[in-house]
Amino acid sequence: MELREAIKGRRSIRKYKPDPVPKEVIEELFEYALWAPSGMNRQNWYFVVVTGKMRDEVVKICERAYREYIGRKVEKVFSHKPDVVKETKSFFATLGGAPVVILAYAIPGPESEKTDIQSVSAAIQNLLLLAHEKGLGTCWMTGPISHADEFSKLLGIKDKNFVALITLGYPDETPKAPKRKPDRVRYIGFDES
Ligand SMILES: Cc1cc2nc3c(=O)[nH]c(=O)nc-3n(C[C@H](O)[C@H](O)[C@H](O)COP(=O)(O)O)c2cc1C
């Protein structure tokens, strides 16, 4: 798949087929995703790839994150769109049946927290595009961040900052692409003769 096609064709997937994703396929995604740039070349990312019973425990925490924290915000922002609220609530409770969840962490270092997050995010975006190229779907989620400590406890993670949760599996939907907003790039100096 051509790069531009992958960039435009990738969608956030919130409904998955139950088919498992072979470990070798995920390993290949990471082999390339981790070629992302990183602040001071620290490569400060740390990913935990979860399937099976532990995946079910992760989903339970996401359900609680919606109920105890993010749900209130979603209901406020989308008060005029009850369907979006219903779908979001259901997605947090099931993660759309995604057979794999990936928890992305930043290993803290001498840089600012912002640099740490940006480096991990660069690797996440690579991962999303590579997954799409392989016919896999993903959804990048920061909604569950409120319950970062619970994930860390469950997975035995210490001294790392939770950045995002990513669902992974074979898509069982083909969402429409949301329109992209205009006027978000400004060019300066190009008209000078
Ligand atoms: C930093 C970040 C956080 C996100 N958090 C969530 C989330 O918590 N739940 C969710 O359903 N989607 C989440 N998304 C997905 C966005 O809703 C999605 O990218 C956006 O609606 C555009 O749709 P597209 O990815 O199909 O182009 C997140 C995306 C990003 C980049």
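Student: In this predicted model, where is the place of valine 185?
Tutor: The model is a prediction, and its elements are numbered from the N terminus. By that numbering, valine 185 belongs to the segment after β4.

Student: How far apart in space are valine 185 and proline 82?
Tutor: In sequence, 103 residues separate valine 185 from proline 82. From C-alpha to C-alpha, their separation in space is 33 Å.

Student: How are α3 and α6 oriented to each other, parallel or antiparallel?
Tutor: The axes of helix α3 (residues 52-77) and helix α6 (residues 148-155) come within 10 Å and cross at roughly 165°. Angles over 145 degrees count as roughly antiparallel. The two helices, α3 and α6, are therefore roughly antiparallel.

Student: Which residues of α3 and α6 make the contact, and how many are nonpolar and how many charged?
Tutor: The crossing of α3 and α6 is right-handed. On α3 the contact is made by Glu57, Val58 and Ile61, and on α6 by Glu150, Phe151 and Leu154. By class, the contact of α3 with α6 has no polar residues, four nonpolar and two charged.

Student: Which element gives the most to the largest nonpolar core?
Tutor: This core has 45 residues, of which Val101, Leu103, Ala104, Leu127 and Ile166 touch the most other members. At least two of its residues come from each of several elements, including α2 (23-33), β1 (45-50), α4 (82-94) and α5 (113-133). The element that gives the most, with nine residues, is α5.

Student: With which residues is leucine 127 in contact, leaving aside its neighbours within four places in sequence?
Tutor: Leucine 127 is one of the core residues that touch the most other members. Once the neighbours within four places in sequence are left aside, leucine 127 is in contact with Leu29, Ala33 and Ile166.

Student: What is the phi of glutamine 43, and does it count as partly exposed or as exposed?
Tutor: Most residues other than glycine have a negative phi. Glutamine 43, in the loop between α2 and β1, is not a glycine, yet its phi is positive, about 45°. With 16 C-beta neighbours inside 10 Å, glutamine 43 counts as partly exposed.

Student: Is aspartate 159 buried or exposed?
Tutor: Aspartate 159 lies in the loop between α6 and β4 and has a positive phi of about 60° although it is not a glycine. Because aspartate 159 has 8 C-beta neighbours inside 10 Å, it counts as exposed.

Technical notes
Residues are numbered from 1 along each chain as its sequence is written. This is a predicted model: local features need pLDDT of at least 70, side-chain atom pairs count only at pLDDT 80 or more; totals for chains, interfaces and linings use all residues. Axes are lines fitted to C-alpha atoms, for helices over the stretch in contact, and angles run from 0 to 180 degrees between N-to-C directions. Helices (H or I, at least four residues) and strands (E, at least two) are DSSP runs, numbered from the N terminus. Angles under 35 degrees count as roughly parallel, over 145 as roughly antiparallel, 65 to 115 as roughly perpendicular and the rest as oblique. A crossing is left-handed if the near helix is turned anticlockwise from the far one by less than a right angle, and right-handed if clockwise. Two residues are in contact if their C-beta atoms, placed from the backbone, lie within 7 Å. Ala, Val, Leu, Ile, Met, Phe, Trp, Tyr, Cys and Pro count as nonpolar, Asp, Glu, Lys and Arg as charged, and the others, Gly among them, as polar. A nonpolar core is a set of buried Ala, Val, Leu, Ile, Met, Phe, Trp, Tyr and Cys residues joined through C-beta atoms within 7 Å. A residue is buried if 20 or more other C-beta atoms lie within 10 Å of its own, exposed if 12 or fewer, and partly exposed in between; C-beta atoms are placed from the backbone.
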